Amino acid sequence: MLLLCVGCTVGQVPTDPVRPTPNVVAAVKMRFAEMQALSFETDVEYCGYLLRMPDESLGFSQMVRGGHDGCTPELPNPGSTLLASMHTHGSYDPEVPAEFPTVIDIDSDKRERVNGFVATPGGRLWFIDSRALRITQLCGVNCLPQDPFFQPGDDGVIAQSYTRAELIKLERGL
Ligand SMILES: [Zn+2]
């Protein structure tokens, strides 16, 4: 459910946060397809970073296996640049609201000065804009691989987008 900040603690110099262009979204979706499968098998979160490689192409840091409610990505080798964090929300659990990013997810990205992408058990893909402090669904249920046990509706009606303030209210209401 949360992504712990690592870049900020070691003083990594961030660049401009990445925008979710069609190119970026396509690359992120492919990477999440692998991470979702691992998350459903193991029932834990997986995380990593979207990177700008030294040759300017997009790349990814090594996928890291986290826990039930958190994951700390490894920093990449020097030369590549952090563009955005990525993490899954594990497998479906009827007791745990996991279909949207948390306030902690937003705050962690803000501290690292990267944007973020979050994949949910239902197969939603969210974008965290850590400057605007807003989360937006890039695509809805089933657009990424979905946990076969997923039951829609547990988290109530989920809007297309929330500000950080709205998300605080949503989390309090659940
Ligand atoms: Zn999260």
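Leaving aside neighbours within four places in sequence, Ile135 touches Phe100, Pro101, Ile106, Trp126, Phe127, Ile128, Ser161, Tyr162 and Leu167. Here two residues are in contact if their C-beta atoms, placed from the backbone, lie within 7 Å. The structure is a predicted model, in which local features need a pLDDT of at least 70, side-chain atom pairs count only at pLDDT 80 or more, and totals for chains, interfaces and linings use all residues. Residues are numbered from 1 along each chain as its sequence is written.

**The core**

Ile135 is also among the residues with the most contacts inside the largest nonpolar core, together with Leu50, Met86, Phe117 and Trp126. That core has 28 residues. A nonpolar core is a set of buried Ala, Val, Leu, Ile, Met, Phe, Trp, Tyr and Cys residues joined through C-beta atoms within 7 Å. A residue is buried if 20 or more other C-beta atoms lie within 10 Å of its own, exposed if 12 or fewer, and partly exposed in between. At least two core residues come from each of helix 1 (22-42), strand 1 (46-52), strand 4 (81-88), strand 5 (115-119) and strand 6 (125-129). Strand 1 gives the most, with 5 residues. In soluble globular proteins, nonpolar side chains tend to be buried together.

**The chain as a whole**

The chain holds 3 helices and 8 strands, arranged along the sequence as α-β-β-β-β-α-β-β-β-β-α. Helices (H or I, at least four residues) and strands (E, at least two) are DSSP runs, numbered from the N terminus. Of the 174 residues, 40% are buried. Among contacts with a separation of 6 or more, 64% join residues 24 or more positions apart.

**Paired strands**

Two strands pair if DSSP finds at least two bridges between them.

| Strands | Bridges | Sense |
|---|---|---|
| Strand 5 and strand 6 | 4 bridges | antiparallel |
| Strand 6 and strand 7 (residues 134-139) | 5 bridges | antiparallel |
| Strand 7 and strand 8 (residues 161-163) | 3 bridges | antiparallel |

Gly116 has Ile128 in strand 6 as its bridge partner. In the hairpin of strand 5 and strand 6, 5 residues lie between the strands, and Gly123 takes a positive phi near 95 degrees. Strand 6 is mostly covered, as 4 of its 5 residues are buried. Opposite Leu125 stands Cys139 in strand 7, while Asp129 faces Arg134 in strand 7. Strand 6 and strand 7 form a hairpin with 4 residues between them, where Leu133 in the turn has a positive phi of about 55 degrees. Thr136 is bridged to Ser161 in strand 8.

In helix 2 (residues 103-112), the buried residues are Asp105, Ile106, Ser108, Asp109, Lys110 and Glu112. The buried residues of this helix pack against strand 4, strand 5, strand 6, strand 7 and helix 3 (164-173). Arg113, with a positive phi near 55 degrees, follows helix 2.

Ala84 belongs to strand 4. Ala84 counts as buried because 23 other C-beta atoms lie within 10 Å. Pro20 is 64 residues from Ala84 along the chain, and their C-alpha atoms are separated by 9.8 Å.

**Confidence**

The pLDDT, the predictor's confidence in each residue from 0 to 100, averages 89 over the chain, and 89% of the residues score at least 70. Over residues 6-15 the pLDDT is below 50, although this stretch has 18 contacts in the model beyond near neighbours in sequence. Where pLDDT is low, the predicted coordinates should not be read in detail.
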